Amino acid sequence: MELNNSVTVLLPGVVVAVSAVLVMVVDLFLRRKDVLAWLAAAGLLCGAAVAIGQWGEWTGGAAVWRVFTGGLTFGGREASAGFAGMIGHDHFAVYAVVLFCAIGVLAVMLSDEYLARRGAARGEFYGLLLLIVTGMIGMAISTDVIAFFVSFELMSLPTYVLAGYIWRDERSSEASLKYFVTGAFSSAILAFGLALLYAATGATSYAGIAAGLARLQAGGLAADGFLVVAFVLVVTGFAFKVSAVPFHSWAPDVYEGAPTPVTAFMATAVKAAAFVGFAKLFFVAAGAQWADWGHVMIVLAILTMVVGNVLALPQRNLKRMLAYSSIAHAGYLTLGLIAAGKSGDTVGVSAILFYLAAYALMNLGAFGVLIWIRARRSYDYSLDGLAGLGRGMPGTAILMALFMVSLTGIPPTVGFWGKFYLFTAVIQAGLTWLAIVAVVMSAVSAYYYLRVVWYMYFREAEEGAAAEAPAEGAALEAGAPSPQAGVAGAVVIAGLGVLIVGLLPGPLLDAAKGALRLLVGG
Amino acid sequence: MPGGDFHALLFVIVAVWILVCGLGVVLFRRIMYSAVAMVFCFLGVAFAYALLAAPLVAVIQILVYVGAISVVIIFAIMLTEVQTGRLELFFNRQTAVAAITALVGAAVLAVVSLSADIGKVGDQSLTPGLRQLSRLIFDRYVFPFELVSLVLVGAMVGAIVLARREGERP
């Protein structure tokens, strides 16, 4: 049954989309707004559970992606396809869906306290957040550029709104406008690139594009320049979304101005979705044409790593510093695409999947600590404001130190393993010099990450600056369980994740490799 | 094909029309003039669709873009009009850089498109009538079509969230 099959493939996305609408409708009838966070989290968990249930559904037989000379290329039919080839579900997509839902749950936990404190409406916030996750799921399961582009927009549009959610805050509005203008522009560039790919191949499905490109190559037709332009436009759309240099200039302002939980969500989930969606597009549709887009990627990766890390050095606002750090991490992640494209091996892609989970844990944790401090006392996200934290809030300081160490990539944290697998994949692909650049840049990053630790433990707080003043908690409903518990829970989960996966990276790595198992096998 | 030259001539006229109107949208200093130029631009695109043997798409273009979207844009301009200030585009100092970038980009695109030998795209025999179009939308493209409805939900909720000002509830 074609239809039955299609619906099964879609199920996690449907669950999340229905929860989005449900949260917004329930919001109208309920006075206790703290229920909404539970509802949103439950929807996301259900989506993840459904996806995990699908993991075991396909065994052997149908290969989705197959290693091809010079790149990963589409071979055979999808493990589970639906809607006339518009979408295809596989282990890769399942891994991504579970990752998006998990990040979504942590983001909801981080948001509730913030929204309550700022007196902002919560129903619409969670509704939009769930719609974004739905779009991300769509990007992961799409096997057709039309479905991909619509999913991409479903992810992007509500993100612009969330960035400007606290409209009374001028900087939040500015962030939203900036993100919207540059984002809409990059969407148009992406659409143009996809249209050129369609013009060159006459197909919109990834498989059709791959076949068309192979035909062009076999026919020896003079379309190289045309294809390069098409790929450059698509890569540009991708680079904007992951804030790769030179398309990064929006990121620091947007990350600084947006509400902190939204920043945490954007830096982790939106980046993860862009990498997952574009990895599938690049490798399934154009794996064999690595030469046409790979060199652009190498330039992009080097620029992104160098500029992101160097510009992070002088930042004294932590949200801005983490924005530049997020740019740098986009550079490391791009290395995975390069490694996979160059070697025609899936190791690079599974290294990306592992790194995305690792990065989500440590980055959500770091932003969560900032939200936690802000919830307890007045704090302007500055480096100086952290002085004396080691004495004032020892538990928080230890967790923050853990996240900073992990972001630097020092064992025994998950950040180390993420970088280890990525750089190993790059070396295996025969690009040792690129791995050396990445390692040197990681060393540079140690300065600004560990400076945070230094400020927390070796700087005395200024007189009265860190006095424990309760936050303006007037908006908190009486009798409701403190939403601060959500923030604390999210930070502790992230901290445990960083540490446990750091000590035992095996299971997550197996999952990341398993996500591409079918894709490699016959 | 005897009608070929006439068809090509018509296409050139429509293309120039679209380009001139498009430039008008960008270059007019008064935003209302830009909006009107955009209406004419939409009309030109509708003619282009008609020339490409897609009358239905042309009619929809006129109904939706010329009819509905233009009106909404003009309403939006009138509603957001600030009484004290004048509704003018302010040009910044990067105009020259932007113009050069755009021209170089256009030149590169033109050169590679004209030199590329990629053959004809798509099903040339297809006559996009109502029946075929609905078949495509509700059969092959039903997934993106339904996804668009979610995009619209997100856009509507987002617009309300951003526009809501007075009497905001907690």
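A:Pro259 touches A:Tyr114, A:Tyr165, A:Ile166 and A:Ser172, leaving aside residues up to four places away in sequence. This is a predicted model. The predictor gives the complex an ipTM of 0.85 and a pTM of 0.89.

**Around A:Pro259**
- A:Pro259 sits in a loop of chain A, between helix H9 (250–257) and helix H10 (260–286).
- A:Pro259 counts as buried because it has 24 C-beta neighbours inside 10 Å, and the cut-off for buried is 20 or more.
- A:Phe283 is 24 residues from A:Pro259 along the chain, and 35 Å separates their C-alpha atoms.

**Chain A as a whole**
- Chain A has 20 helices and four strands.
- Chain A has 522 residues, and 64% of them count as buried.
- Take the contacts in chain A between residues at least 6 apart in sequence: 80% of these join residues at least 24 apart.

**Where chain B meets chain A**
- The contact draws 38 residues from chain A and 29 residues from chain B.
- On the chain B side, helix H4 (95–115), helix H5 (130–140) and helix H6 (142–163) each supply at least two residues.
- H6(B) gives the largest share of that side, with 14 residues.
- By class, the side of chain B that touches chain A has 20 nonpolar, five polar and four charged residues.

**Confidence in chain B**
- Chain B has a mean pLDDT of 82.
- In chain B, 80% of residues reach a pLDDT of 70 or more.
- Where pLDDT is low, predicted coordinates should not be read in detail.

Key:
Residues are numbered from 1 along each chain as its sequence is written. Chains are lettered from A and ligands numbered from 1 in the order in which they are written. This is a predicted model: local features need pLDDT of at least 70, side-chain atom pairs count only at pLDDT 80 or more; totals for chains, interfaces and linings use all residues. Two residues are in contact if their C-beta atoms, placed from the backbone, lie within 7 Å. Ala, Val, Leu, Ile, Met, Phe, Trp, Tyr, Cys and Pro count as nonpolar, Asp, Glu, Lys and Arg as charged, and the others, Gly among them, as polar. pLDDT is the predictor's confidence in each residue, from 0 to 100. A residue is buried if 20 or more other C-beta atoms lie within 10 Å of its own, exposed if 12 or fewer, and partly exposed in between; C-beta atoms are placed from the backbone.
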